[in-house]
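User: I have a model open and want to go through the inside of it with you. Can we start once it is on screen?

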Amino acid sequence: MMDGVMWFWCELVKDCSMKLLKMIVTVVASSALVVGLAPSASADPLYTDYADKTSASPKINSWCAAVYDGRERAGVGCFRDYGDRVYVKDTRADGAHIEVRGTVHDNGRKGFRCIGTGKAGGGWRVCDEWASKMPEDRVFNFYVQLYDGNKLVATSGIKMLPIGG
């Protein structure tokens, strides 16, 4: 498939530079992946939970994503498949808030949204209302976002993690 796409671009731009073609294919494929993972505006369910204070402190590891505003980390979101919990932590005292958003593909797209408080120094917070809504043996695709009021400021990269069975 990749060769066919490169041939198409080569014919279109009349420049067969493999480096250029691979870069174009990578950008197009990445864009398609992001569009495919974004929550839809249709009637697919969107489960929203406001994060509650917790004494748990998840270990920052590959099951976490961080969002940055410029060079400064603004917040962290982590997924734990045992109990289908999402942890969120705001790391800046700027009035903005952190959200974790994600989807699970299972007979329609199920969307999940965990909203933090926007108060740095409050420690970790948890959204733990989704255990009965997340299907097992699927993949949870999520990302962390920074909002100033209703304005999106920054988004992390996408994490794709298994939901245990």
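User: Fine. What should I know about the source and the numbering?

Analyst: This is a predicted model, where local features need pLDDT of at least 70, side-chain atom pairs count only at pLDDT 80 or more, and totals for chains, interfaces and linings use all residues. Residues are numbered from 1 along each chain as its sequence is written, and side-chain values use heavy atoms, with hydrogens and water left out.

User: How many disulfides does the count come to?

Analyst: The count comes to 2 disulfides, a disulfide being a pair of cysteine sulfur atoms within 2.5 Å. Cys64 and Cys78 form a disulfide with their sulfur atoms 2.1 Å apart. Cys114 is joined to Cys127, S to S 2.0 Å.

User: Which parts does the pair of Cys64 and Cys78 tie together?

Analyst: Cys64 lies in strand β3 (residues 64–69) and Cys78 in strand β4 (residues 72–80), so the pair ties together parts that are 14 residues apart in sequence. Strands here are DSSP runs of E with at least two residues, helices are runs of H or I with at least four, and both are numbered from the N terminus. The link of Cys64 and Cys78 is right-handed, with 105° about the S-S bond.

User: And what is the handedness of the link of Cys114 and Cys127?

Analyst: That link is right-handed, with 85° about the S-S bond. Cys114 sits in strand β7 (residues 109–115) and Cys127 in strand β8 (residues 125–127), so this pair ties together parts that are 13 residues apart in sequence.

User: Are Cys114 and Cys127 buried or exposed?

Analyst: Cys114 is buried, and so is Cys127. Buried means under 20% relative accessible area, exposed over 50%, and partly exposed in between, with a 1.4 Å probe and protein chains only. Cys64 and Cys78 are buried too.

User: What is Cys114 in contact with?

Analyst: Leaving aside its neighbours within four places in sequence, Cys114 is in contact with residues including Asp49, Ala51, Val86, Val88, Ile98 and Trp130, as well as Cys127. Contact means heavy atoms within 4.5 Å.

User: Switching to the cores. Which residues have the most contacts inside the largest nonpolar core?

Analyst: They are Phe79, Val86, Cys114 and Phe140, in a core of 23 residues. A nonpolar core is a set of buried Ala, Val, Leu, Ile, Met, Phe, Trp, Tyr and Cys residues joined through side-chain atoms within 4.5 Å. The elements that give two or more residues to this core are β3, β4, β5 (85–90), β6 (97–105), β7, β9 (138–148) and β11 (159–163). The largest share, 4 residues, comes from β9. Apart from this core lies another, of 6 residues, among them Cys64, Val76, Trp124 and Val126.

User: Where is Met134, and what is it in contact with?

Analyst: Met134 is in the loop between β8 and β9 and is buried, with a relative accessible area of 3%. Beyond neighbours within four places in sequence, Met134 is in contact with Phe79, Asp84, Phe112, Phe140 and Ile163.

User: Last topic, rings. How many aromatic pairs does the structure hold?

Analyst: It holds 6 aromatic pairs. Rings of Phe, Tyr and Trp (its six-membered ring) pair if their centres lie within 6.5 Å; planes under 30 degrees apart count as stacked, over 60 as edge-to-face and the rest as tilted. The rings of Phe112 and Phe140 have centres 6.0 Å apart and planes at 80°, so that pair is edge-to-face. Phe112 lies in strand β7 and Phe140 in strand β9, so the pair ties together parts that are 28 residues apart in sequence.

User: What about Phe140 and Phe142?

Analyst: Their ring centres are 5.6 Å apart and their planes at 15°, so the pair is stacked. Phe142 is buried at a relative accessible area of 0%, and Phe140 counts as buried at 1%.

User: Which residues form the aromatic cluster?

Analyst: Tyr47, Trp63, Phe79, Phe112, Trp130, Phe140 and Phe142 form one aromatic cluster.
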